[in-house]
Amino acid sequence: MSVIIGQKEYFKGIGQIKFEGAESDNPLAFRYYDENRIVAGKSMKEHLRFAIAYWHSFCGDGADPFGPGTHHYPWDVASDARQRAADKADAAFEFITKMGAPYYCFHDVDAIDGHNDPKEFGDRVKFITDIFAKKQAESGVKLLWGTANLFSNERYMNGASTNPNFEVVAHAGAQLKGAIDATITLGGEGYVFWGGREGYMSLLNTNMKLERENFARMLHTCVEYARRNGFKGKFFIEPKPCEPTKHQYDYDAATVIGFLREFDLLGEFGLNLEVNHATLAGHTFAHECQVASDAGMLASIDANRGDNQNGWDTDQFPTDIYEWAEAMAIILKQGGLAGGGINFDAKRRRNSTDMQDLFYAHIGGMDTIARSLLIAEKIAKHGEMDRLKAERYASFNSGKGADYAAGKLKLEDLYKIAVEVGEPAQISGKQEYLENLLGRFV
């Protein structure tokens with residue numbers, strides 16, 4: 001991949017980030033992410049399918065509830081919305097190609113400023129879509145997925161697809177149509193639904209049954225439209241329990257899987273899991289990966305981390321090797337992500353204000369995940385974790401245990417067996433040993 005520069009160079013003095021190995025002291029080099037290294041039969045690039053997220057990287061200004069933004073972008077100064085979007089695209093593809101990332105992803109209003117007139121906003125999206133198409137052709141970078149921001153505009157304060165006002169639902173549909181059209185035009189490999197306000201603040205004013213039905217109806221409507229217009233990719237739903245709503249209908253992986261099954265959408269969708277959303281739901285990231293993988297729906301990932309001392313979505317860049325090694329072992333066991341990739345839904349801290357900080361953040365995140373992939377491969381080759389887990393459940397492989405697993409035993413049979421065998425022997429779960437084993441590989 002060659003670096004592409006637009007009308008001006010925004011990240012001056014920084015060349016393309018290269019792999020230099022674990023012993024390198026160069027902060028602008030990869031120590032573990034070697035895109036051509038073969039791991040478990042595929043290159044790292046194929047396994048990880050890294051994507052740069054447009055929203056935090058090129059739009060997020062570092063603002064928080066207690067103060068205005070501290071990140072001021074030279075591509076965000078033009079007075080005209082279309083010119084600002086074009087300048088931002090120049091900066092984005094310069095950064096993406098300097099990082100050597102094969103993919104990017106975006107919300108519609110990240111790419112270009114929103115507008116309350118659906119026709120004007122649709123024209124704006126088409127404008128930036130044409131620019132993205134040219135950038136993709138020039139660079140070889142691909143679109144991992146597109147999506148619509150149905151949570152920032154004040155019209156969506158009570159939800160988008162789940163809004164009690166049908167006119168708002170119609171506006172949501174118009175915006176979804178534009179984002180899906182852009183994704184199709186750009187050859188996007190997926191399309192994500194994240195219902196940031198698809199939930200409620202109080203049940204006192206909420207018809208939950210109707211809202212959930214309308215949410216499913218909109219998903220069916222979007223799938224039908226996209227397929228009819230040539231979309232061949234995968235649809236994803238991203239679970240999150242709360243924030244900004246008190247309770248979101250896509251609470252966690254298990255809830256989303258149940259929702260998709262209930263409304264006959266299971267065959268069209270996979271899950272796009274976010275690490276910090278697992279934390280907010282009271283789960284580990286590995287738990288959410290395992291739930292999704294067991295259902296055949298572990299498809300894509302928003303890479304980030306939360307803060308154990310905070311109860312909100314801090315969206316920090318991933319650095320926890322243990323967390324990622326355990327999750328990557330699950331991903332590797334299922335043969336890789338099913339149709340998606342790994343994007344960095346993560347933002348620099350408010351006081352990280354240098355342009356280089358954006359590079360440091362992504363380099364560290366990509367290296368953390370690449371290193372976890374190497375650890376997962378070692379765990380798989382060693383085999384002891386798999387062997388001990390299999391031994392723990394060996395009683396279901398033969399005899400009466402196998403009969404039970406096959407559905408051949410009645411409740412009366414279980415009673416007779418319990419009387420015959422007496423009190424079962426205690427069998428250690430060896431948790432501490434397994435934790436130590438993981439630590440050896442890390």
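1. In this note, two residues touch when they have heavy atoms within 4.5 Å of each other. Keep in mind that we're looking at a predicted model.

2. Let's start with Ala325. By that contact rule, and leaving out residues up to four places away in sequence, Ala325 touches Ser372, Ile375, Ala376, Leu438 and Val442. The residue sits in helix H11, which covers residues 321–333.

3. Is Ala325 buried or exposed? The relative accessible area of Ala325 is 0%, so this residue counts as buried, the cut-off being under 20%. Arg371 is worth a look here too: Ala325 and Arg371 are 46 residues apart in sequence, yet their C-alpha atoms are 8.1 Å apart in space.

4. Now the barrel. Eight strands form a closed barrel with parallel pairing, in the order S5-S6-S7-S8-S10-S12-S13-S14. Have a look at S5 and S14: strand S5 (residues 50–53) pairs with strand S14 (residues 342–343) over 2 bridges, in the parallel sense. Across that pairing, Phe50 stands opposite Ile342.

5. Helix H6 (residues 166–185) lies across strands S7 (142–147) and S8 (190–193), and runs at about 155 degrees to S8. Helix H7 (residues 208–228) packs on the sheet as well, touching S8, S10 (234–237) and S12 (269–274). The direction of H7 makes about 160 degrees with that of S10.

6. On to the cavities. How many cavities of 30 Å³ or more does the structure hold? There are 2. The largest has about 100 Å³ of space and a lining of 13 residues. Nearest its centre you'll find Leu150, Phe193, Trp194, Gly195 and Glu198. S8 and H7 are the elements that give two or more residues to this lining, and H7 supplies the largest share, 3 residues. By class, the lining of the largest cavity splits into 9 nonpolar, 3 polar and 1 charged.

7. The second largest cavity holds about 50 Å³ of space. Its lining includes Pro239, Lys240, Pro241, Tyr251 and Asp252, along with Leu273, Glu274, His277, Ala278, Ala281 and Glu288. Two or more residues of that lining come from each of S12 and helix H9 (275–280). Sorted by class, the lining of the second largest cavity has 6 nonpolar, 1 polar and 4 charged residues.

How values were computed. Residues numbered from 1 in each chain as written. Predicted model: local features only at pLDDT ≥ 70, side-chain atom pairs only at ≥ 80, totals over all residues. Heavy atoms only, no water. Helix = DSSP H or I, 4+ residues; strand = E, 2+ residues; numbered from the N terminus. Buried < 20%, exposed > 50% of the residue type's maximum accessible area, 1.4 Å probe, protein only. Pairing = 2+ DSSP bridges. Axes fitted to C-alpha atoms, helices over the stretch in contact; angles between N-to-C directions. 1 Å grid on protein atoms, 1.4 Å probe; cavity = no way out; pocket = protein on both sides within 12 Å on 5 of 7 lines; lining within 4 Å. Points joined across faces, edges and corners; volume = space filled by probe spheres on them. Nonpolar A, V, L, I, M, F, W, Y, C, P; charged D, E, K, R; others polar.
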